Amino acid sequence: MNTTLPPARDLPPHRHARIRATLVRAASEPPPRRWVAPALSMATAIVALGLVMWFVPLGGGDGRAAGPATTSAAASPTADESIVRQVRVPTEDVPELVHGCVDSAKVEGTFELKLAFADAAGRLAVLYSGDKLIACEFGGPAGEYRPAFTVLGGFQPPISADLNLVSTVEGSPEHAGYQVVIGRVDPATTARVTLTQKDVTIDAVLVGGVYAARIVRPLDWWLTGDSPPPAVVDAYNAEGDLVGSASPHY
Amino acid sequence: MTIENRTDRELWDDARGGDGGAFGLLFDRHGRAVYNHCFRLVGSWGAAEDLTQAVFLLAWRKRARVRMTSDSALPWLLSVATNVVRTHHRSMTRWLRIARRLPGEDVPDHAEEVVGRIDDERRMVELLAAVRELPRNQQEALGLCVWSGVSYAEAAAVLGIAEVSVRARVSKARARLRDLLTPPIVALTTSEEAP
């Protein structure tokens with residue numbers, strides 16, 4: 001065995017520049033609101049543990065108010081930053097998108113594009129193979145595909161309820177942190193899904209019974225603050241009655 | 001005095017006052033050392049990139065509680081790096097795997113560089129397998145003093161122990177590693193040659 005220590009190396013120049021820009025920005029910003037976690041450990045615990053959660057069905061309505069107004073104003077993120085828009089990928093571009101995402105996630109299987117959306121943090125596609133789910137960032141400046149996360153099991157059982165939730169948090173150190181929720185609902189009973197975290201509520205993109213939403217946070221959100229407020233996903237029927245609610249367990 | 005001539009302590013004070021450029025300069029000075037220190041603790045250049053940023057962000061988060069007592073911030077930054085890697089190693093493993101950027105997404109790496117880094121990682125993983133046999137305090141001392149070149153006195157200061165204790169830990173770590181890394185003597189006899 002070669003026991004000599006590998007030589008010291010420089011950070012890749014583009015990465016050095018990015019980290020530096022991030023640090024300069026962090027150091028120049030006013031102190032962030034203290035709303036999140038005992039930091040990284042909690043954020044990563046959410047990633048590790050908050051993979052597949054199931055909605056607690058509430059029956060046909062429990063007296064809770066109808067769906068909240070979309071996006072209340074808050075210090076961070078702003079309302080505009082939290083708007084999630086569906087992206088309609090042209091049919092001819094779907095094979096390339098699927099291939100790029102599957103290849104970048106380094107998983108095997110036949111995946112189907114379920115939906116794609118765009119927000120302040122970029123574009124995210126949701127693919128499903130029957131036993132794996134990939135959330136994939138795509139369409140960046142270099143046209144790259146990048147796995148945000150991959151979940152084995154994805155939408156798989158138990159799914160006796162109308163709704164389910166696949167949730168994760170990504171503390172991307174490059175630009176911003178964000179809370180992502182992805183799940184499946186019964187389209188016969190659910191017309192709207194919202195994601196609420198602390199003072200922000202946004203509408204999820206809902207396509208063919210699959211929903212996804214993301215709340216963008218400040219770049220160092222996962223290193224600052226106290227406890228992360230729980231994310232709550234609510235499902236509403238066409239009349240605006242709450243039909244299901246779920247929150248990650250961690 | 002230009003900003004480049006300022007000591008780490010002066011830059012740190014400026015950064016605490018909201019001067020982002022000063023913090024950027026601290027990163028320019030010590031980012032490489034932190035990056036290599038992280039690599040030697042995890043054996044992955046990609047993970048080391050993310051950890052390097054995490055170390056500096058964590059250092060920034062601690063700014064209100066930290067006052068530099070020496071002119072160099074490096075020993076303290078390496079100590080922060082050690083703690084970041086240690087504390088979050090298990091959860092970071094998963095987090096980094098899913099969060100890591102694809103290599104060379106903006107600037108393609110040169111093939112030779114990529115091959116070299118892969119070779120580094122293979123060697124480092126082998127070394128780390130042996131290093132992880134050591135008690136944690138010996139790993140820490142080895143990483144700081146032998147691999148990252150921090151003096152015994154500086155290491156003692158950031159670890160909060162006596163300098164003689166640092167020397168002892170390094171000495172024990174070296175001796176133990178010698179045993180662990182020495183290839184066993186293999187009898188090179190065939191069945192015919194054997195008695």
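Two strands count as paired if DSSP finds at least two bridges between them. Helices (H or I, at least four residues) and strands (E, at least two) are themselves DSSP runs, numbered from the N terminus. With that in hand, look at the end of chain A: strand 14 of chain A and strand 15 of chain A make a hairpin with five residues between them, and Gly240(A) in the turn has a positive phi of about 90°. The pairing of strand 14 (residues 231–236) of chain A with strand 15 of chain A is antiparallel and runs over four bridges. One of the pairs to find on screen is Ala235(A), whose bridge partner in strand 15 of chain A is Gly244(A).

A word on the model before going further. This is a predicted model, where local features need pLDDT of at least 70, side-chain atom pairs count only at pLDDT 80 or more, and totals for chains, interfaces and linings use all residues. Residues are numbered from 1 along each chain as its sequence is written, while chains are lettered from A and ligands numbered from 1 in the order in which they are written.

The model scores ipTM 0.74 and pTM 0.47. For single residues there is pLDDT, the predictor's confidence in each residue, from 0 to 100. Chain A averages 67, with 55% of the residues at 70 or more. Chain B has a mean of 76, and 77% of its residues reach 70 or more. Among the elements of chain B, helix 2 of chain B has the highest mean pLDDT (91) and helix 4 (residues 74–99) of chain B the lowest (64).

Two residues are in contact if their C-beta atoms, placed from the backbone, lie within 7 Å.

| Stretch | pLDDT | Contacts in the model |
|---|---|---|
| Residues 32–79 of chain A | under 50 | 131 contacts |
| Residues 170–176 of chain A | below 50 | 26 contacts |
| Residues 90–109 of chain B | under 50 | 37 contacts |
| Residues 185–195 of chain B | under 50 | one contact |

**The two chains**

Chain A has three helices and 15 strands, whereas chain B has eight helices and zero strands. Burial is a simple count: a residue is buried if 20 or more other C-beta atoms lie within 10 Å of its own, exposed if 12 or fewer, and partly exposed in between, with C-beta atoms placed from the backbone. On that count, 50% of the 250 residues in chain A are buried, and 39% of the 195 residues in chain B. In strand 15 (residues 242–246) of chain A, five of its five residues are buried.

A nonpolar core here is a set of buried Ala, Val, Leu, Ile, Met, Phe, Trp, Tyr and Cys residues joined through C-beta atoms within 7 Å. The largest has 53 residues, and those touching the most other members include Leu26(B), Cys38(B) and Leu51(B). A second, separate core of 46 residues includes Leu97(A), Val180(A), Leu195(A) and Leu242(A).

**Where helices meet**

What does helix 1 of chain A pack against? Its buried residues pack against helix 1 (8–16), helix 2 (20–42) and helix 3 (45–61) of chain B. The buried residues of helix 1 of chain A are Arg15(A), Ile19(A), Arg20(A), Thr22(A), Leu23(A), Ala26(A) and Ala27(A). Seen down the helix axis, they fall within an arc of 165° (taken from the directions from the axis to the C-beta atoms), so they line one face of helix 1 of chain A.

Just after helix 1 of chain B, Gly18(B) takes a positive phi of about 100°.

Met68(B) sits in the loop between helix 3 and helix 4 of chain B. Is Met68(B) buried or partly exposed? Met68(B) is partly exposed, because 16 other C-beta atoms lie within 10 Å. Beyond its neighbours within four places in sequence, Met68(B) is in contact with Asp8(B), Arg9(B), Trp12(B) and Ala73(B).
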